[in-house]
Amino acid sequence: MYRSAELKREPAVEEAIRWFRANAPTVPETTLVHGDFRIGNALIDGDRITGLLDWEFARVGDPLFDLGYASTRYFAGKLVEPIERPELACSLLEREWFYDEYERRTGRTVDRERVRYWQAFSAFVMLTICCWGASQYETGSSDDVRNAWFQYPVPG
């Protein structure tokens, strides 16, 4: 998907792709993965999550993917630099508390290295989405000017 949407070859992205392939974690079990797990896709009533929206990226995969995705720097402060609270998950929760609570509620151990891999891979997923949106606008496949914005988070 990235290759079909890339605007130009970017050496840092090429290196990241090689790193992802060389460092893919061993996944001891697979589950349903939301794929876009963040506060913006949660329905909340008081202190309870009552529903999750936006399931278009759902798939079977490593359950720790959602923890990595929610822990990206992007969700710690969007595109603001410097990020005031880079340790946050979903812009709200201390990551370590989030991981500890996940362990307590699921009985699964949170392998921090696997989460870190999925955190990096999630940034690549977001990059791919941005490239796709920008390329849709650039090639004339879409005249939605909002797609032009996607060029700004793309490195290079």
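This is a quick look at one helix pair and some salt bridges in a predicted model.

## Helix 2 against helix 6

Helix 2 (residues 11-22) packs on helix 6 (residues 112-138) at an angle of about 140 degrees, and the two axes sit 11 Å apart. That angle makes helix 2 oblique to helix 6, since the roughly antiparallel class takes angles over 145 degrees. The crossing of helix 2 past helix 6 is left-handed.

Who does the touching? On the helix 2 side you'll find Val-13, Ile-17, Trp-19 and Phe-20, and helix 6 brings Tyr-117, Ala-120, Phe-121, Phe-124 and Leu-127. Sorted by type, the residues of this contact come out as 9 nonpolar, no polar and no charged.

## Salt bridges

The count comes to 15 salt bridges. Take Glu-101 and Arg-105, whose closest N and O atoms are 2.8 Å apart. Glu-101 is buried at 14% relative accessible area, while Arg-105 is exposed at 64%.

## A four-residue network

Shared partners link Arg-3, Glu-6, Arg-9 and Glu-14 into one salt-bridge network. Within it, Glu-6 pairs with Arg-3 at 3.5 Å, N to O, and Arg-9 pairs with Glu-14 at 3.1 Å, N to O.

Arg-3 is partly exposed at 38%, whereas Arg-9 counts as exposed at 52%, because the exposed class begins over 50%.

Notes. Residues are numbered from 1 along each chain as its sequence is written. This is a predicted model: local features need pLDDT of at least 70, side-chain atom pairs count only at pLDDT 80 or more; totals for chains, interfaces and linings use all residues. Side-chain values use heavy atoms; hydrogens and water are left out. Axes are lines fitted to C-alpha atoms, for helices over the stretch in contact, and angles run from 0 to 180 degrees between N-to-C directions. Helices (H or I, at least four residues) and strands (E, at least two) are DSSP runs, numbered from the N terminus. Angles under 35 degrees count as roughly parallel, over 145 as roughly antiparallel, 65 to 115 as roughly perpendicular and the rest as oblique. A crossing is left-handed if the near helix is turned anticlockwise from the far one by less than a right angle, and right-handed if clockwise. Contact means heavy atoms within 4.5 Å. Ala, Val, Leu, Ile, Met, Phe, Trp, Tyr, Cys and Pro count as nonpolar, Asp, Glu, Lys and Arg as charged, and the others, Gly among them, as polar. A salt bridge is a side-chain nitrogen of Lys or Arg within 4 Å of a carboxyl oxygen of Asp or Glu. Buried means under 20% relative accessible area, exposed over 50%, partly exposed in between (1.4 Å probe, protein chains only).
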